[in-house]
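Keep the structure open as you read.

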Number of protein chains: 2
Amino acid sequence: MTRRFIRPVPPAEEWPDIAGGGLLDRRLFLRSGLLLAGSAGIRNALAQGDAPLPWLHTPGAPFSAYGQPSPYERYTARRIGANRAVAGNGVSFTPLEELAGTITPNGLHFERHHNGVPQIDPALHRLTVHGRVRQALAFDVKSLLRYPMRSQTLFIECGGNSNAGWHSEPVQRPAGSVHGLVSCAEWTGVPLSVLLDEAGVDADASWVIAEGADAGAMNMSIPLAKILDDCMLGLYQNGERLRPENGYPMRLIVPGWEGVLHVKWLQRLELSAQPVMSRNETAKYTELLPSGKARQFTFTMDCKSLITTPSHGQTLPGPDIYQITGLAWSGHGRIARVEVSADGGNSWADAALQGPLLPRSFTRFRIPWRWDGTPAVLKSRATDDAGNVQPERATLVAERGRAGYFHYNAIIAWTVEDDGLVSHTY
Amino acid sequence: MTRRFIRPVPPAEEWPDIAGGGLLDRRLFLRSGLLLAGSAGIRNALAQGDAPLPWLHTPGAPFSAYGQPSPYERYTARRIGANRAVAGNGVSFTPLEELAGTITPNGLHFERHHNGVPQIDPALHRLTVHGRVRQALAFDVKSLLRYPMRSQTLFIECGGNSNAGWHSEPVQRPAGSVHGLVSCAEWTGVPLSVLLDEAGVDADASWVIAEGADAGAMNMSIPLAKILDDCMLGLYQNGERLRPENGYPMRLIVPGWEGVLHVKWLQRLELSAQPVMSRNETAKYTELLPSGKARQFTFTMDCKSLITTPSHGQTLPGPDIYQITGLAWSGHGRIARVEVSADGGNSWADAALQGPLLPRSFTRFRIPWRWDGTPAVLKSRATDDAGNVQPERATLVAERGRAGYFHYNAIIAWTVEDDGLVSHTY
């Protein structure tokens, strides 16, 4: 008397492995073993009408002008890593392992501040475009909101994200608390080419020096060609105006390039023949190589992926079929492929990629996995459409040494112990 | 000494109109007239260092675990239209005219409640699948979070959205306060086909009756074929777990169909041979036609668009070039085209559509417009890839009469007066 409406799949125990350690075909859905079910479970559920669940018997809360998460989700929060010696200096991490999909909600977008979060009155804020231009211009917020805009879903990743990977031993913290200096949002703003065209760029200008209106007046140099190619003045994040900690009333958006260039609270764009050689492009955001030379102006964030579930600190309740899921991104373009290994990299299987596949944006990947209860090492490896492949850690360390601090994009590995506990490993 | 890095465009005054009333080619960027500029403006801006702007001189606020909008944006809020006679019954509107891009931030997603917002403890909540199934099943939240998921960006629109359009006279309220019972988010959840396959659907089942865990136990009937085709159990909205007012801990997602079917706080799915004939599919959410018959089970939300800027209550400061922008969506599929008219529908020009063009999702459109300071009537007209064209109001009223209340999708018109004030017109 049972009719199947979806394509028939064989019982889970008959599904063939497609790579070592129990990886299954990405097109198979999980089907078994995860439910409460059983007659006891049903009786409990169907008896709910008699249980003292107040929300079934009492009208709920009134309407709200601006919604907030459930109090039961209060632990889904940014993890703050502040510099105790300097107030307002530090980072806060997006809890990637608590999230699903690809959009980071605005309240959980990662932060990196050098001098705290300014509370800027938009009526007093100005953006000045000056230097090697035909005519210096100043724009107020109200005027800029009337300019033509475009929208693009983009990740922003701090150049220092995942830098614990350079340590000798694998750091044992939740995935987001190590790798969560990356977030993804739909940004809307004014193409910078429009504003610069209006000011008239001199022929000898080749850099743009961007400065924020925080008390540190944080500044960075960006090649003019990039600014004119695809950068924008970000005014909206996921539909609404920027949050203060993300640059209200305006920030730079520099698609696919390191986070520090996305200057927040932007107040000045100076056209220049040379970079400014500020602290953040000399003493910081450079990478010391084994040769003793340092890489400088390493703008593009490389191809990278991260399994968010299972990940450090989670526990698998027992042998079963699980969905492995995570995120992949590349500053070079679109994610073309994510492979997953359940045997520490001996064999790999292609994960399903959730469309649409957008350039310089998060891509969510998923693959089913049958865990047999023995120790396993899970890895993911991303490839972008420019042909870049996420390297193994040993390869990256051999190339860059361990003094670089920035731009760590090696494959991330999680160990599943026989008791189901997940931890970080190299 | 000026070098142009972007493709040369002629001065704005030389741009040709491509439709009546000053509509310009969608590929042209605005270039002039909107800036502060002039030497006075520059001096003001460049003198900022001496001005008492506290955020330039004092370290800013510390890190926050969960961010909030700027206090200067506090008026970007949902507009509440509550039923004074019944606590917790009513709607709140998304302020569409204040937003940009296509994602609605979770705090501003529209709401429709019949009995307030329950504060559900997820540890006590169960979803029961029963009725015409091989085996009734109950799921707790923790188990469901381990099921395979998919993500999709989808609009949800209340069947009663824009229903002021049936009135004899055009209602004078902001765009979002009339048409803002529609929002768009990235939803992540478990395909319902997976759960129903596990329960085993009987051959004589053809409807699913969904019930919420609010005190009203709001319920609706949905054809089984739709449930198995593309519906999901929504658990995450824009990356994070659902907000209470959007169904925490779980809701139905019914792509492209009317909002009332997306049952929030979902606690029961009953497989049935017939619909339940609940209040919300008999006395409500049906449309009385001029013939005296009523349409029932009118599930799909039709092809529609709305100009959000300029729109009611905004004022254009003077003759100039403006960017007209708005949103289009269709429950039938992808938006294929949005045309804009600046002369009340006498002539039309194609607006630029912001990609990616996703099915059953918001599409942002934009087109430049030169306003000469004389009265103008702005309209937008959407076409979807199934060939549906948004009708003029007169056509819709002739077909449906004015007693229908639901499913109003006619072309929306804004009048710009010679003083720049924008208001609603038919």
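A quick word on domains before anything else: their bounds come from an automatic or database domain assignment. Also keep in mind that what you are looking at is a predicted model.

With that in hand, start with chain A. It splits into domain 1, built from 126-149 + 186-295, and domain 2, covering 304-425. How far apart do the C-alpha centres of these two domains of chain A lie? The answer is 33 Å. The domains of chain A do touch: eight residues of domain 1 are in contact with 10 residues of domain 2. On the domain 1 side of that contact in chain A, you'll find six nonpolar residues, plus one polar and one charged.

Now for the sheets. In chain A, look for an open sheet of five strands, ordered E7-E6-E15-E10-E11, with mixed pairing. Which strands of chain A stand at the edges? They are E7 (137-140) and E11 (219-223), and because each has a single partner strand, one side of each is left without a neighbour in the sheet. Going from one strand to the next, the twist averages 20°.

Strand E10 (residues 207-212) and strand E15 (residues 266-272) of chain A run antiparallel and are joined by six bridges. If you want a spot to check by eye, A:Ala210 stands opposite A:Leu269 in E15(A).

Strand E3 (residues 79-82) and strand E4 (residues 90-93) of chain A run antiparallel, with four bridges between them. Here A:Ile80 has A:Ser92 in E4(A) as its bridge partner. E4(A) also pairs with strand E5 (residues 111-113) of chain A, again antiparallel, over three bridges.

Switch over to chain B. There, three strands make an open sheet in the order E3-E4-E5, and the pairing is antiparallel. Strands E3 (79-82) and E5 (111-113) of chain B are at the edges with a single partner strand each, so one side of each is left without a neighbour in the sheet. On average, and ignoring direction, neighbouring strands of this sheet are turned by 10° against each other. Strand E4 (residues 90-93) of chain B meets E5(B) through three bridges in the antiparallel sense, and B:Gly90 stands opposite B:His113 in E5(B).

Finally, step back and look at both chains together. What rotation superposes chain B on chain A? It's a rotation of 180° with 0.0 Å of shift along its axis, at an RMSD of 0.0 Å. The two copies are thus related as by a two-fold rotation axis. Both copies use the same surface, too: 100% of the contact residues of chain B recur in chain A.

As for the interface itself, 113 residues of chain B are in contact with 113 residues of chain A. Helix H1 (residues 38-46) of chain B supplies the largest share of chain B's side, namely five residues. Sorted by class, the side of chain B that touches chain A holds 57 nonpolar, 33 polar and 23 charged residues.

Notes
Residues numbered from 1 in each chain as written. Chains lettered and ligands numbered in written order. Predicted model: local features only at pLDDT ≥ 70, side-chain atom pairs only at ≥ 80, totals over all residues. Pairing = 2+ DSSP bridges. Helix = DSSP H or I, 4+ residues; strand = E, 2+ residues; numbered from the N terminus. Axes fitted to C-alpha atoms, helices over the stretch in contact; angles between N-to-C directions. Contact = placed C-beta atoms within 7 Å. Nonpolar A, V, L, I, M, F, W, Y, C, P; charged D, E, K, R; others polar. Least-squares fit on C-alpha atoms with pLDDT ≥ 70 in both.
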